[in-house]
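Dear colleague,

Please find below the structure that I am handing over to you, together with its sequence.

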Amino acid sequence: MHSGHLIVITGPSGVGKSTIVQEVLHRTNARYSVSVTTREPRPGEIDGKDYHFIDKQRFEKMIQRGELLEWAEVFGNYYGTPAKPVYEALKAGETIILEIDIQGGLQVHEKIPYATFILILPPSWDELLNRLIKRSTEPPEAIKRRFAKAKEEIELAQKSKVYDYTVINDKLENAIEDVIKIVNSVSEKTRKDN
Ligand code: ADP
Ligand code: 5GP
């Protein structure tokens with residue numbers, strides 16, 4: 001029996017998920033699930049903190065050994081959630097946040113349907129594109145691909161009906177506060193249930 005709570009945060013690339021989650025982690029007791037990825041680190045990203053950066057061979061081994069709670073190929077790279085830290089956190093009564101893509105979110109829903117699912121949306125398509133450009137972590141071709149995928153992803157997420165909350169990331173501080181409220185109410189509920 002698990003006594004903690006899992007929160008899955010999803011949304012299109014560039015919407016502001018990482019920015020929001022970093023602040024939420026500072027201001028709540030929630031922990032972060034560090035994903036494994038085969039993508040190259042961006043300047044400033046720290047191995048073991050932002051991601052565990054691994055090669056494709058090691059990623060495939062983790063799939064074979066059943067070590068991933070979910071995984072997906074996103075924009076030509078593999079991303080996955082190591083299962084053990086998640087189950088350990090849940091067992092320890094902690095609130096743990098996953099920041100993953102929509103396909104991954106749907107896989108988590110199959111395995112842990114009692115998790116809380118939050119979809120982060122941009123205030124407009126133009127603003128989503130602005131943010132991808134402003135971040136300047138991908139070349140123009142990759143930005144185009146990420147932007148084109150956004151519509152598809154949002155439609156899939158909305159159709160799936162697994163999302164409990166939708167947060168529009170217009171003013172950053174408001175979006176952070178909305179997510180904090182959800183995290184705190186979920187953590188509170190977990191405490192009362194135990
Ligand atoms: P994601 O993790 O969803 O891919 P990021 O957190 O990397 O997105 O944010 C993409 C860019 O948008 C970053 O440059 C970030 O500083 C900026 N950003 C995030 N939220 C807002 C906001 N509410 N208003 C303006 N810019 C934002
Ligand atoms: P980025 O390369 O911008 O860090 O992430 C690209 C996409 O991969 C984002 O939508 C992000 O949420 C998603 N992602 C990050 N980690 C994981 C993971 O462990 N699993 C899945 N399915 N998606 C992930």
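A residue is counted as surrounding a ligand if one of its heavy atoms lies within 4 Å of that ligand. The model is a predicted one.

By that criterion, ligand 2 is surrounded by 16 residues, and the closest are Ser35, Arg39, Tyr51, Glu70 and Tyr79. By residue class, the shell around ligand 2 comprises seven charged, five nonpolar and four polar residues.

Turning to ligand 1, 15 residues surround it, with Gly14, Lys17, Ser18, Thr19 and Arg135 the closest. A polar side-chain atom of serine 18 lies 2.7 Å from an oxygen atom of ligand 1. Backbone atoms also take part: an N or O atom of lysine 17 is 2.8 Å from a ligand oxygen, and a polar atom of valine 15 is 3.3 Å from one. Of the 570 Å² of accessible area that ligand 1 has on its own, the protein covers 80%. Helices α1 (17–27) and α5 (125–135) each supply at least two shell residues, and α5 provides the largest share, four residues. The shell around ligand 1 holds six polar, six charged and three nonpolar residues.

Yours sincerely

Conventions:
Residues numbered from 1 in each chain as written. Chains lettered and ligands numbered in written order. Predicted model: local features only at pLDDT ≥ 70, side-chain atom pairs only at ≥ 80, totals over all residues. Heavy atoms only, no water. Polar contact = N/O pair within 3.5 Å; in protein donor to acceptor, adjacent residues only side chain to side chain. Areas by Shrake-Rupley, 256 points an atom, 1.4 Å probe, with all protein chains shown as cover. Nonpolar A, V, L, I, M, F, W, Y, C, P; charged D, E, K, R; others polar.
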